[in-house]
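Please keep the sequence and the structure in view while reading.

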Amino acid sequence: MNKQQLANKIWESANEMRSKIDASEYKDYILGFIFYKFLSEKEVEYLKNTLSLTENLDIHLKEEDDDLVKEIQRSIGYFISYDNLFSTWVNDKDFNIGQVTTALSAFKRLIHKDYYNVFSNIFDTLQAGLTKLGDSSASQTKAVKKLIDIVKVIPMNSKQDYDVLGFIYEYLISMFAANAGKKAGEFYTPHEVSVLISEIVADHLKDKNEIEIYDPTSGSGSLLINIGQSVAKHNENENGIKYYAQELKENTYNLTRMNLVMRGININNIFVRNGDTLEDDWPYFSDEGHKKDTYRRVRVDAVVSNPPYSQKWDSSDYENDERYEEYGLAPKSKADYAFLLHDLYHIKPDGIMAIVLPHGVLFRGGEEGTIRARLIEKGEIDTIIGLPSNIFFGTGIPTIIMILKKNRPTTDILIIDASKGFEKAGTKNKLRACDIKKITDVVKSRESIRGFSRCVSKEEIVQNDYNLNIPRYVDSSEKEDTIDIYATMFGGIPNSEINELNKYWDVFPSLKKSLFNSISPEYSQVVSEKTKEIAKIINENADIINFKNDYNNKFKEFDSFLTNELIQQITSVNLVKEEDIVAEYIFERADKIPLIDKYSLYQMLDNYWQDISSDIETIQKEGLDVIKTTDPIMKKKKVKGKETEVTVGWKGRIVPFNLVQETLLKDEYQILLELESKGVEINSELEELVENISEDDNSILNDDNSAFVSVELKNALKSIYEDIDLPEKYIFIEYLKLKGKKNKLEFQNNHREIDWSSMNANKDNTYGKTVITAYINEKLENYEFEKNSHEYIVKRASKLLSKDAEINKEIKNQKEELEKKTKETIETLTKENILYLLKLKWVFPIIKEINSTPNVIIKDIINQIERLAMKYKTTLSDIEKEIKDTEQLLTSMIDELVGNETDIAGLQEFKKILGGN
């Protein structure tokens with residue numbers, strides 16, 4: 001399975017046992033064991049690949065072998081003996097909780113001194129929490145065994161790399177944050193925000209070969225890691241990035257270290273610290289015996305942070321702190337600018353910093369206003385990005401990203417209002433890939449886009465008293481709909497409102513004349529109010545046809561381009577860079593076509609990219625034969641009282657079963673679809689019959705009266721048949737009483753009303769009880785009841801249930817046969833079929849969406865025309881006429897009424913009110 005499927009499986013398994021443990025604590029256990037497994041596997045890998053120790057590890061890997069211990073410590077930073085390896089725990093039938101506590105204590109003792117900061121006390125949270133897993137050693141052992149069973153499925157072999165673990169790790173952290181609210185969200189920056197910051201920072205650093213990056217409130221470390229991944233698009237120097245991280249909370253600080261190590265970052269490039277960033281400034285060049293008046297702080301290429309919002313802090317004695325002395329101190333009630341100035345202080349003259357802050361920092365006065373003014377005067381604020389509200393775990397407040405640089409060539413500030421670009425993801429809002437791409441591109445180009453971004457001069461900001469509130473400079477509010485009074489009274493559509501669609505008329509100049517007729521210099525009307533006719537006019541317009549042809553020509557080679565990039569070069573394609581390569585191809589063509597939103601096209605690509613990249617990643621790691629691999633679908637079942645996993649089906653590791661069935665096994669698949677369709681028809685008719693059952697007859701239904709009960713139905717039908725008075729029944733009763741062949745043959749000859757020939761006779765031409773009973777039953781089954789009568793419903797329902805059982809059996813057999821054939825087909829795929837199926841899965845869906853774009857634009861034009869037509873369709877004059885017609889009708893009806901003298905007097909007065917005589 002690919003890493004996403006694996007992460008899903010682990011999350012599903014984790015949920016099975018976290019009901020008794022708070023999610024924010026549970027993460028410490030599950031992630032701690034994942035990290036311990038990683039370290040164990042890394043050591044074994046080192047022994048095999050570097051020291052060529054492939055056998056008898058239980059003999060070699062002992063703490064008593066001092067030389068081996070030192071060799072391993074120097075190379076990977078720590079030592080784990082054979083008895084303490086994760087794999088040893090898994091294989092030990094007599095495993096107990098004591099082995100874990102012993103191993104964690106030994107790990108702490110056997111860290112190499114040069115890597116003490118990376119590994120020291122890293123399992124303290126896990127070790128301290130083990131006692132919470134049960135009230136006895138036995139219950140704790142049972143809980144830990146379950147945790148180990150969850151973690152052991154994570155692969156670590158030559159075909160898997162560190163990113164698999166890193167991906168799972170970040171996925172679990174994000175899921176815990178999403179499911180545990182604020183408590184878990186404190187240490188996690190949503191992946192999309194992290195990617196946005198990383199893309200902006202990486203572009204600034206793209207020409208550097210050696211990079212230092214720092215996060216002073218590191219949380220899980222995701223910001224640092226994502227920057228490293230974004231930098232990799234521009235920089236081939238894998239070990240050219242140094243990571244600095246500081247985190248106040250100890251268990252979160254452990255997450256930072258684990259995450260950095262598991263992402264395969266060289267431990268020599270990891271510099272981490274557990275401390276209060278504001279109270280004890282860091283990083284600095286020497287961590288030993290430093291004095292505040294002598295040590296030099298580290299300056300880095302980039303600082304990124306998502307500090308706690310508006311946190312209280314003690315600003316006493318910081319007036320002369322180098323971080324703040326040029327700008328002033330943030331108020332004690334809100335440390336936002338204290339974090340910002342700390343970050344700014346630590347960047348090099350050509351560096352960049354990005355910080356996530358609450359909106360208030362843009363306009364609050366007092367000490368914050370003073371700091372903001374000084375930053376603006378010094379020209380150090382580069383960009384402000386307003387994010388959508390409700391995108392962070394634990395808070396719904398709107399936030400911003402502020403980008404700062406030193407020694408900028410300009411003092412203007414790029415202000416972006418990105419608050420409208422998001423999608424709903426459960427209860428949260430989430431930046432889409434197209435939103436991230438658009439924001440990043442605008443930051444790079446510093447382009448002003450109406451309603452989205454604007455470069456604002458320092459002079460204008462000063463005139464606004466250094467207030468940076470985004471709506472002052474970028475108006476992203478939607479235009480209010482106006483009502484034309486004249487058109488409301490007399491009809492017609494104002495030409496001014498038609499001209500609001502000039503973006504369409506500029507591209508399709510002949511379309512406007514085709515759709516509207518002028519009724520005065522200032523008003524027009526639509527040539528038709530019928531949607532079909534409007535659509536026909538638009539689709540047959542020459543400008544529209546030319547637009548669609550031009551669009552299709554621009555993208556006619558896209559199919560072959562994607563096939564070449566993703567399939568022909570499947571083993572060598574660089575996934576880190578490939579999405580940008582495809583995006584550039586799309587943008588190059590979209591930029592030349594009016595009305596096309598290139599970011600919308602980019603989103604279409606990204607919608608499929610995760611699945612595509614996961615597939616290619618698996619193929620590159622496991623080889624091309626993995627395309628022909630099928631995997632069992634496992635499900636937990638109780639077998640002989642014990643819970644065990646059993647195979648309940650199969651799936652393709654790369655190629656989905658349904659894709660093969662719909663293409664290479666069409667005939668067999670069609671048979672299944674037809675059977676399922678018959679089943680749907682039967683169930684639909686059964687539902688109708690249920691609705692026709694009266695309350696008096698609902699004894700044949702289940703408790704909630706939603707379906708028939710087979711046994712009750714059978715008994716009811718038997719009772720109905722017994723009550724049917726068939727003449728044949730009495731004739732046969734007499735017949736079966738007869739003795740001797742001669743008497744029976746004579747009886748048969750005298751009763752020609754019976755169709756004796758339709759039954760199977762004995763050798764002597766007489767008939768036995770069995771065939772006579774079958775004859776009677778057939779007569780009963782063919783007995784016609786009045787439609788929708790109780791008897792009819794019981795009989796019909798009984799027949800349908802029998803038929804449904806037959807079809808379900810056929811469906812089951814067909815599915816099993818089709819699954820078997822699909823498995824065989826995938827495992828014997830030809831090169832030609834592989835190419836075809838990969839195109840169907842990866843290329844065709846993207847092509848289909850991209851090709852649909854002109855039709856989406858046309859649909860929007862149709863909707864806009866319909867909106868205008870409906871807006872002024874009914875005038876006030878029409879309404880007034882309708883009122884008068886109604887009054888006249890009521891008046892005439894009053895004249896037809898009769899009553900006593902007072903009734904008539906009242907009615908006459910009502911006529912006067914209505915305007916009648």
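## A covered helix

Helix 13 (residues 222-231) is mostly covered, with nine of its ten residues buried. Among the buried residues are S222, L223, I225 and V231. Here, buried means under 20% relative accessible area, exposed means over 50%, and partly exposed lies in between (1.4 Å probe, protein chains only). Helices (H or I, at least four residues) and strands (E, at least two) are DSSP runs, numbered from the N terminus.

## Basis of the model

The model is predicted: local features need pLDDT of at least 70 and side-chain atom pairs count only at pLDDT 80 or more, while totals for chains, interfaces and linings use all residues. Residues are numbered from 1 along each chain as its sequence is written, and side-chain values use heavy atoms, with hydrogens and water left out.

An open sheet of mixed pairing is built from nine strands in the order 3-2-1-4-5-7-6-8-11. Two strands pair if DSSP finds at least two bridges between them. Strand 3 (270-274) and strand 11 (453-456) are at the edges with a single partner strand each, so one side of each has no neighbour in the sheet. On average, neighbouring strands of this sheet are turned by 15° against each other, direction ignored. Within the sheet, strand 1 (residues 211-215) and strand 2 (residues 241-247) pair in the parallel sense over five bridges; E212 has K242 in strand 2 as its bridge partner.

Helix 12 (residues 191-204) packs on the sheet and touches strand 4 (300-305), strand 5 (347-358), strand 6 (381-386) and strand 7 (399-405); its direction makes about 165° with that of strand 5. Helix 17 (residues 433-445) also packs on the sheet, touching strand 6, strand 8 (413-417) and strand 11, and its direction makes about 165° with that of strand 8. Contact means heavy atoms within 4.5 Å. Axes are lines fitted to C-alpha atoms, for helices over the stretch in contact, and angles run from 0 to 180 degrees between N-to-C directions.

Three strands form an open antiparallel sheet in the order 12-14-13. Strand 12 (493-494) and strand 13 (516-520) stand at its edges, each with a single partner strand, so one side of each lacks a neighbour in the sheet. Strand 12 is joined to strand 14 (residues 523-526) by two bridges, and P494 has Y523 as its bridge partner.

Strand 15 (residues 630-639) and strand 16 (residues 642-652) run antiparallel and are joined by ten bridges. They form a hairpin with two residues between them, and K640 in the turn has a positive phi of about 55°. The bridge partner of K635 in strand 16 is V646.

## Salt bridges

The structure holds 51 salt bridges, each defined as a side-chain nitrogen of Lys or Arg within 4 Å of a carboxyl oxygen of Asp or Glu. One network of salt bridges links K208, E212, D301, K348 and D350.

K779 forms a salt bridge with E728, the closest N and O atoms being 3.8 Å apart. This pair links distant parts of the chain, with K779 in helix 33 (residues 769-781) and E728 in helix 31 (residues 727-737), 51 residues apart. K779 is partly exposed at 34% relative accessible area, whereas E728 is buried at 13%. Another salt bridge joins the side chains of E827 and K823 (2.9 Å, N to O); these residues are four apart in helix 34 (residues 790-827), a separation of about one helical turn.
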